Amino acid sequence: MTHVDERAEKAGETGQGSTPERQLWTAGNGRSRRRTVTYADAGVSIHAGEKAVELLRTKVHRTHRPEVMGDIGGFAGLFKLDLKKYKSPILASSTDGVGTKLAIAQAMGIHDTVGIDLVAMVVDDLVACGAEPLFLLDYIACGEVVPDRVAEIGAGIADGCRYAGCALLGGETAEHPGVMRPDEYDISGTGVGVVEEDAILGRDRVEVGDVVIALRSSGLHSNGYSLVRHVLLGAGRMRLDSVIDEFGKQRTLGEELLTPTRIYAKDCLDLIKEADIHAFAHVTGGGIPGNLVRVLPDHVDAVVDRATWRPQPIFELVRTKGRIEDSEMESTFNMGVGMMTVVSAEDADRALAFLAGRGIDAWQVGEVIEGTGTVQMVGSHTRG
């Protein structure tokens with residue numbers, strides 16, 4: 001390796017055809033100083049980020065619970081847990097994103113719904129173990145911070161937090177010029193909840209004779225969009241602004257694909273107070289078989305009867321356009337069921353009545369029998 005001093009010495013040597021090395025600028029050498037490079041020159045605007053925070057401030061305040069301390073803009077979000085409310089509190093945490101559903105939002109220029117999807121993916125995982133969501137932190141990465149666009153994304157996150165009853169405690173917006181396109185962004189969130197140790201739901205409570213109840217989804221929710229985009233927008237060459245008769249009310253494909261994920265958290269927490277709930281299964285990637293199996297002990301099976309419901313038209317559209325096998329559909333999509341609960345047989349009717357009173361489309365979809373810890377999918381969906 002050449003030493004610096006040696007390079008400087010060589011640079012000062014002159015000979016036939018050689019020219020003196022240009023001198024570096026130093027204070028007082030008489031040369032005009034070049035304009036310094038700023039962070040903005042690299043594509044990052046601190047001012048834009050600050051403006052986005054200000055646009056969101058009111059929305060964030062509306063999510064605050066009494067336990068929230070301080071304001072947004074600090075180095076950390078503060079939440080004072082009231083330990084007097086619990087005998088043996090257990091903290092639960094979950095983190096998730098929205099996936100390639102964001103590509104639909106970016107293509108349509110609609111950014112105020114994907115935040116709801118983000119919250120749903122996090123808080124409904126928390127409530128699956130019986131935990132009350134307390135607060136959520138978000139992360140937004142984008143190619144360029146456009147304050148109004150970031151505010152729309154954040155407003156959706158704040159709305160989702162209000163629906164779930166949790167506080168939007170803080171977050172981060174990062175600008176990644178040269179790595180992401182100016183109109184491109186990705187979002188993620190992390191939530192924290194609390195549950196009494198003796199009230200944790202899950203496989204330890206599930207037993208033979210329990211009833212499985214399904215809660216209808218609002219549509220695709222936030223899973224399987226890479227496959228959806230491939231078969232509908234790619235190979236199928238469909239347009240997002242195409243009106244699909246099967247969707248009704250002059251609804252376009254894009255509007256259907258951006259339908260926000262349903263947030264079940266509050267309904268599930270209230271259901272726990274009304275009935276003997278043993279477990280919840282949040283139906284996301286992996287579909288019904290891949291998620292219901294997570295709450296089954298090794299000595300039981302869950303039998304799910306497809307004939308008890310008809311999936312929404314979007315699922316049939318994806319299946320037929322892509323010529324996708326039923327097994328692949330079932331392991332990728334929720335097929336019209338966003339949440340499942342396992343309840344004691346004695347309280348099944350009570351649970352169904354409670355959910356109906358809350359305006360939730362729910363039905364008995366199956367039962368728990370002796371087995372080996374698997375999900376048995378039986379029957380066939382009604383089509384047409």
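Which helix gives the most to the lining of the second largest pocket? That would be α10, with six residues. A few notes on this and the rest of the model follow.

1. Ground rules. This is a predicted model, so local features need pLDDT of at least 70 and side-chain atom pairs count only at pLDDT 80 or more, while totals for chains, interfaces and linings use all residues. Residues are numbered from 1 along each chain as its sequence is written, and side-chain values use heavy atoms, with hydrogens and water left out.

2. The overall picture. The protein chain has twelve helices and twelve strands, taken as DSSP runs numbered from the N terminus (helices are H or I, at least four residues; strands are E, at least two). Of its 384 residues, 47% are buried; buried means under 20% relative accessible area, exposed over 50%, and partly exposed in between, with a 1.4 Å probe and protein chains only. Among contacts (heavy atoms within 4.5 Å) with a separation of 6 or more, 85% come from residues 24 or more positions apart.

3. Back to the second largest pocket. Its volume is about 420 Å³. A pocket here is an open set of points on a 1 Å grid over the protein atoms alone, with protein on both sides within 12 Å along at least five of seven lines; a cavity is a set of points where a 1.4 Å probe fits but cannot get out, and lining residues have an atom within 4 Å of a point. Grid points are joined across faces, edges and corners, and the volume is the space filled by probe spheres set on the points.

4. Who lines that pocket? Of the 24 lining residues, F315, E316, R319, T382 and R383 are the closest to the centre of the second largest pocket. Both α10 (313–322) and α11 (326–332) supply at least two residues each. By class the lining splits into eight nonpolar, eight polar and eight charged residues. For that tally, Ala, Val, Leu, Ile, Met, Phe, Trp, Tyr, Cys and Pro are nonpolar, Asp, Glu, Lys and Arg are charged, and the others, Gly among them, are polar.

5. The cavity. There is one cavity of 30 Å³ or more, and the largest cavity comes to about 40 Å³. Its lining is made of H64, V68, M69, G70, D71, I72, G77, L78 and L169. That gives five nonpolar, three polar and one charged residues.

6. Helix α3 and what follows. In α3, the residues K101, L102, I104, A105 and Q106 are buried. The buried residues of α3 pack against α4, β6, α6 and α7 (253–257). Just after α3, G109 has a positive phi of about 70°.

7. H111, worth a click. You'll find H111 in the loop between α3 (101–108) and α4 (114–126). H111 counts as buried because its relative accessibility is 9%. Its side chain makes a polar contact with the side chain of Y185 at 2.9 Å. (A polar contact is a pair of N or O atoms within 3.5 Å; within protein, one must be able to donate a hydrogen and the other to accept it, and residues adjacent in sequence count only if both atoms are side-chain atoms.) Leaving aside neighbours within four places in sequence, H111 is in contact with A105, Q106, R149, E152, I153 and Y185.

8. G193 in the strand. G193 sits in strand β6 (residues 185–196) and, at 0% relative accessibility, counts as buried. Beyond its neighbours within four places in sequence, the contacts of G193 include L126, A131, E132, P133 and L134.9. Aromatic pairs. The count is three, where rings of Phe, Tyr and Trp (its six-membered ring) pair if their centres lie within 6.5 Å; planes under 30 degrees apart are stacked, over 60 edge-to-face and the rest tilted. One of them is F79 with F135, a tilted pair because the centres are 5.1 Å apart and the planes at 45°. F79 lies in strand β2 (residues 78–79) and F135 in strand β4 (residues 132–142), so the pair ties together parts 56 residues apart in sequence. Both F79 and F135 are buried.

9. The tryptophans. W309 and W363 also form a tilted aromatic pair, at 5.9 Å centre to centre and 40° between the planes. W309 is in the loop between β9 (300–305) and α10, and W363 is in strand β11 (residues 362–370), 54 residues apart. W309 and W363 are buried.
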